[in-house]
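Have the model open beside you as you read. We will take a friendly walk through it, one region at a time.

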Amino acid sequence: MNQRRNFLKRGSIAALAAPLISFDSNKKWSLEVLRVPFANTEDYWRMIRKQFPLKEGQTYFNNGTMGPSSGYVLDTMINHMLHFNKEAATIDYKDGSGPELLSGYFPYKELRSKLADIINCDYKELSLVQNATFGMNYVGMGLDLKAGDELLNTDQEHGGGFGAWQLLAKRKGCVYKQAKMPIPANDPQEIFDAIFKAVTRKTKVIAIPHIVSVYGTIMPVKAICAEARKRGIFTVLDGAQCVGQIKVDVKDIGCDAYYSSLHKWMLAPAGNGILYINNEVVSSIWSTVASYNWDNQEDHGFRLMQNGTGNPALLAGFDAAVDFFNTVGEDRWVNRIKELGAHLRKGLKEMPHVTIHSSTNEAMAAGLTTYAVAGINGPDLQKTLWERERLQPRSVGTELLRHSVHIYNSKEEIDKALQVIRSLA
Ligand SMILES: Cc1ncc(COP(=O)(O)O)c(C=O)c1O
């Protein structure tokens, strides 16, 4: 039986490694080409660009909203879906191959372990969830909060960072507060002070972003979590924009809970996220979505991912995205994002008609840069960049442009954007 299970498992992985079909018959996607140790030349990154089916002659600069998947990831996911729909009748569900037919009932230990290695925790502290929004809600709804408890956000949250806390205030009579953040945020101490200025003896939860959605600010979360811990306050970090953009080490940060959307910077297929809850506190978090394992006290991460039937192809794609990331290598990946972000900011800083609203303290910035150009509003600037050079960043609000850069982008593409912006002086 074990042999059969291993065969089926290997069979499925083999099918993923050597796709039966490709959505693009001109290409063969594989991880092999990525294995060039230490290479960090523009040639290497041009080769990386070719691993994405993004169209030539067009530039995607909106990774902060949604990361495009590589051909390898798409092939893995599509083939999984086709293969296991065709082969459904050959599979003995009880023989270890259930996860190939439906997800949501299985612990996915291997994938959770790979992800746990990336954020430095035990796999039992990590749950696979649909996205950051689910992560926030599982924490918020799981905490035993009562009327009068104070819940603290910043005033720079995404809906996936504030919704649960506002709901709890209305439903349970908790007190919802926001710390006023500096713009631009260039001094970590100023952020720290802004947070603790809003803290009182009644503060029960500090729920803040690790990277701010609109401005891309990397927050001084380690110092904030250390101070919160001293005061007995539960910390939840919204890392939707983080895993895959910067290094994340949840143990070093010292937060109680952390969640992220890996369809952003990890370039996983849409609908893949993670939730981490520190083992020391997890037994105080109720399960929100309950099924067989709702009360599993041995594997809390599994307890918190009781989602019923889901699409296993999505998780096959997730697994492939993690392999893609690990094969390029975390250091090379995050350093390249940082290098491209710094290249963009350097060019923007030289233009007097540009105001950077993101942090200009390079230690607090990575792949997201938000700015305004005098005389043109955000949506018109976005339109101009597209019409002139087929460049697609994203406008936010009425004035600003949020410009994401990732490993599939190049310095030439950034230079083109800078040239258009320069011409608008
Ligand atoms: C900081 C932050 N939190 C939460 C979210 C919500 O992410 P998702 O829609 O994947 O749940 C986003 C999305 O952009 C975000 O930037």
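This is a predicted model: local features need pLDDT of at least 70, side-chain atom pairs count only at pLDDT 80 or more; totals for chains, interfaces and linings use all residues.

Where the domains touch, domain 1 supplies 14 residues and domain 2 supplies 17 residues. The side of domain 1 that touches domain 2 has eight nonpolar, five polar and one charged residue.

**A covered helix**

Now look for helix α6, residues 132-142. Is this helix mostly covered or mostly uncovered? It is mostly covered, since nine of its eleven residues are buried. Among the buried residues of α6 are Phe-134, Met-136, Tyr-138 and Val-139. Ala-132 and Thr-133 are buried residues of α6 too. The elements that cover the buried residues of α6 include the strands β2 (126-129), β6 (234-238), β7 (257-261) and β8 (273-277). Helix α7 (159-172) is also part of that cover.

**Around the ligand**

Ala-132 and Thr-133 turn up again in the shell around the ligand. Other members of that shell include Asn-131, His-158, Gly-160, Gly-161, Pro-209 and Ser-213. Asp-238, Ala-240, Gln-241 and Ser-261 surround the ligand as well. Which elements give two or more residues to this shell? They are α6 and α7. By type, the shell divides into three nonpolar, eight polar and one charged residue.

**Two pairs of packed helices**

Two packed helices are described by the angle between their axes and the distance between the axes. The table sets out two such pairs.

| Helix pair | Axis distance | Axis angle |
|---|---|---|
| α8 (188-197) and α9 (221-230) | within 10 Å | roughly 30 degrees |
| α14 (378-389) and α15 (411-423) | 10 Å | about 115 degrees |

The crossing of α8 and α9 is right-handed, and α14 also passes α15 in a right-handed crossing.

In the pair of α8 and α9, the α8 side of the contact is made by Pro-188, Phe-192, Ile-195 and Phe-196. These residues meet Ala-223, Ile-224 and Glu-227 of α9. An α-helix has 3.6 residues a turn, so residues three or four places apart point the same way. The contact of α8 with α9 has six nonpolar residues, no polar ones and one charged.

In the other pair, Thr-384, Leu-385, Arg-388 and Glu-389 of α14 meet Lys-416, Ala-417 and Val-420 of α15. Here the contact residues divide into three nonpolar, one polar and three charged.

**Two loop residues**

Gln-245 sits in the loop between β6 and α10 (250-253). Is Gln-245 buried or exposed? Gln-245 is buried because 30 other C-beta atoms lie within 10 Å, and 20 or more are enough for that label. Setting aside its neighbours within four places in sequence, Gln-245 is in contact with Ile-211, Trp-265, Val-334, Ile-337, Ala-366 and Gly-367. Gln-245 and Leu-262 are 17 residues apart in sequence, and their C-alpha atoms are 10.0 Å apart in space.

Phe-106 belongs to the loop between α4 (93-97) and α5 (109-119). Phe-106 counts as partly exposed because it has 18 other C-beta atoms within 10 Å, a count that falls between the limits of 12 and 20. Beyond its neighbours within four places in sequence, Phe-106 is in contact with Gly-98 and Pro-99. Phe-106 and Met-305 are 199 residues apart in sequence, yet 8.9 Å apart in space, C-alpha to C-alpha.

Methods:
Residues are numbered from 1 along each chain as its sequence is written. Helices (H or I, at least four residues) and strands (E, at least two) are DSSP runs, numbered from the N terminus. Two residues are in contact if their C-beta atoms, placed from the backbone, lie within 7 Å. A residue is near a molecule or strand if its C-beta atom, placed from the backbone, lies within 6 Å of it. Ala, Val, Leu, Ile, Met, Phe, Trp, Tyr, Cys and Pro count as nonpolar, Asp, Glu, Lys and Arg as charged, and the others, Gly among them, as polar. Axes are lines fitted to C-alpha atoms, for helices over the stretch in contact, and angles run from 0 to 180 degrees between N-to-C directions. A crossing is left-handed if the near helix is turned anticlockwise from the far one by less than a right angle, and right-handed if clockwise.
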